[in-house]
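My notes follow in the order I looked things up.

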Amino acid sequence: PRLNDYSTTQIIPLVIMLSKLSHSVTPLCIGLVSGMFGSMAGLGGAVVAVPLLSKAVQMEHKQAVGTAATLASSTALVGGATYWTCVKTATIPMEPIAIIMAVAPACAFVSARYTAKVKQNTLKLGFGVFLLIVASTILLWLFLWGPNPDDAALDGVFPNKLTYRAYLVTIGMFAGVSSGVMGVAGGSTLIPLLSLIGWPQQVINSVVLISMVPATLTSVFGHHTIGNVIWRYSPGLIAGAAIGANIGARLTVKMEEKWRKCFCAGVLGATGTNMLLSLPR
């Protein structure tokens, strides 16, 4: 039948149904991809979701950052739990998790509210440059010291427990700020800095994801208070991220250490490059 054979009362419900379906399927796919890559790289998934939301559903960057924070919460929770069950629990240090959990949430909440005062292109520029720096740091570390964490361990740089804990507090603060301002789970800050201690990548990923769950939740709340979260997309993003994070963590555990680090750096570098290329000239 031709289009004009249908009455207006028949066409309008069809359009509404297709619109609702697109609001569910697109976020679900974005969540699945972002959750898998985010879990494999230990980054929470928002670094992938922010550019996808900006392009696929035409969100402003600030809204994409705020909405992606809901996805990062799901990835951090499910991905961290999956690593916890797949990696031997005895090899996952609890002290860094406890310290970062205690410090990061307050920093994430305060910095999330600050995004309302930052220009969109400034946020994109800072986000892109930051990710490229982190990617370069991981690759440089891999090139200089190799994938074997025993060769790269720098535990000796901490003369005592107090300086070690002060270091963890400092990086926890930075992670909270990056979680709030950039919408990421804080992993892009924590991963290269925790690599200095010499842990294997899968242990770093588990520590990062587990410890950043409170920070991502407070980041969501902070973005919500300034209207940066588009909640109609969140259910699909959260569900997709949960599935993707579980798959990604299980794949990562089976990879060789050097490929884990290369994958992490590749995701960061590609996302940062995409952000910079999207800036108006």
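Which residues is Ala135 in contact with, leaving aside its neighbours within four places in sequence? I found Ala265, Leu268 and Gly269, taking contact as heavy atoms within 4.5 Å.

**Ground rules.** I am working with a predicted model, where local features need pLDDT of at least 70, side-chain atom pairs count only at pLDDT 80 or more, and totals for chains, interfaces and linings use all residues. Residues are numbered from 1 along each chain as its sequence is written, and side-chain values use heavy atoms, with hydrogens and water left out.

**Ala135, continued.** I placed Ala135 in helix H5 (residues 120-145). Ala135 counts as buried because its relative accessibility is 5%; the cut-offs are under 20% relative accessible area for buried, over 50% for exposed and partly exposed in between, with a 1.4 Å probe and protein chains only. I also checked Ala135 against Thr271: they sit 136 residues apart in sequence, and their C-alpha atoms are 10.0 Å apart in space.

**Overall layout.** I counted 12 helices and 0 strands in the protein. These elements are DSSP runs numbered from the N terminus, with helices being H or I of at least four residues and strands E of at least two. Of the 281 residues, 51% count as buried. Looking at contacts between residues at least 6 apart in sequence, I see that 83% join residues at least 24 apart. The protein exposes about 12800 Å², and carbon and sulfur atoms supply 69% of that; the areas come from the Shrake-Rupley method with a 1.4 Å probe, and for residues only the protein chains shown count as cover.

**Confidence.** How high is the mean pLDDT of the protein? I read 76, with 78% of the residues reaching 70 or more; pLDDT is the predictor's confidence in each residue, from 0 to 100. Helix H11 (residues 234-253) has the highest mean, 89, and helix H6 (residues 149-152) the lowest, 44. I marked two stretches where pLDDT stays under 50. One is residues 1-8, for which the model has 5 contacts beyond four places in sequence. The other is residues 149-155, with 15 such contacts. Where pLDDT is low, the predicted coordinates should not be read in detail.

**Core.** I went to the largest nonpolar core, which has 61 residues; Leu53, Leu190, Leu194, Trp199, Met212 and Leu268 touch the most other members. Such a core is a set of buried Ala, Val, Leu, Ile, Met, Phe, Trp, Tyr and Cys residues joined through side-chain atoms within 4.5 Å. Helix H3 (residues 61-86) gives the largest share of this core, 7 residues. I then picked Leu190 and listed what it touches, not counting residues up to four places away: Ile100, Ile171, Ala175, Val208, Ser211 and Met212.

**Salt bridges.** How many salt bridges does the count come to? I get 2, a salt bridge being a side-chain nitrogen of Lys or Arg within 4 Å of a carboxyl oxygen of Asp or Glu. Lys161 pairs with Glu95 at 3.6 Å, N to O. That pair links distant parts of the chain, Lys161 in helix H7 (residues 161-182) and Glu95 in helix H4 (residues 94-114), 66 residues apart. Glu95 also pairs with Arg165, at 2.5 Å, N to O. Because Glu95 lies in helix H4 and Arg165 in helix H7, this second pair ties together parts that are 70 residues apart in sequence.

**Helix H10.** I find 13 residues in H10 (residues 213-225), reaching 19 Å from first C-alpha to last, close to the 18 Å expected at 1.5 Å a residue; the expected span is 1.5 Å times one less than the number of residues. The buried residues in H10 include Val213, Thr216, Val220 and His223. Just after H10, Gly227 takes a positive phi of about 75°.

**Gln58.** I noted a positive phi of about 60° at Gln58, although it is not a glycine. Gln58 lies in the loop between helix H2 (46-56) and H3, and is exposed, with a relative accessible area of 65%.
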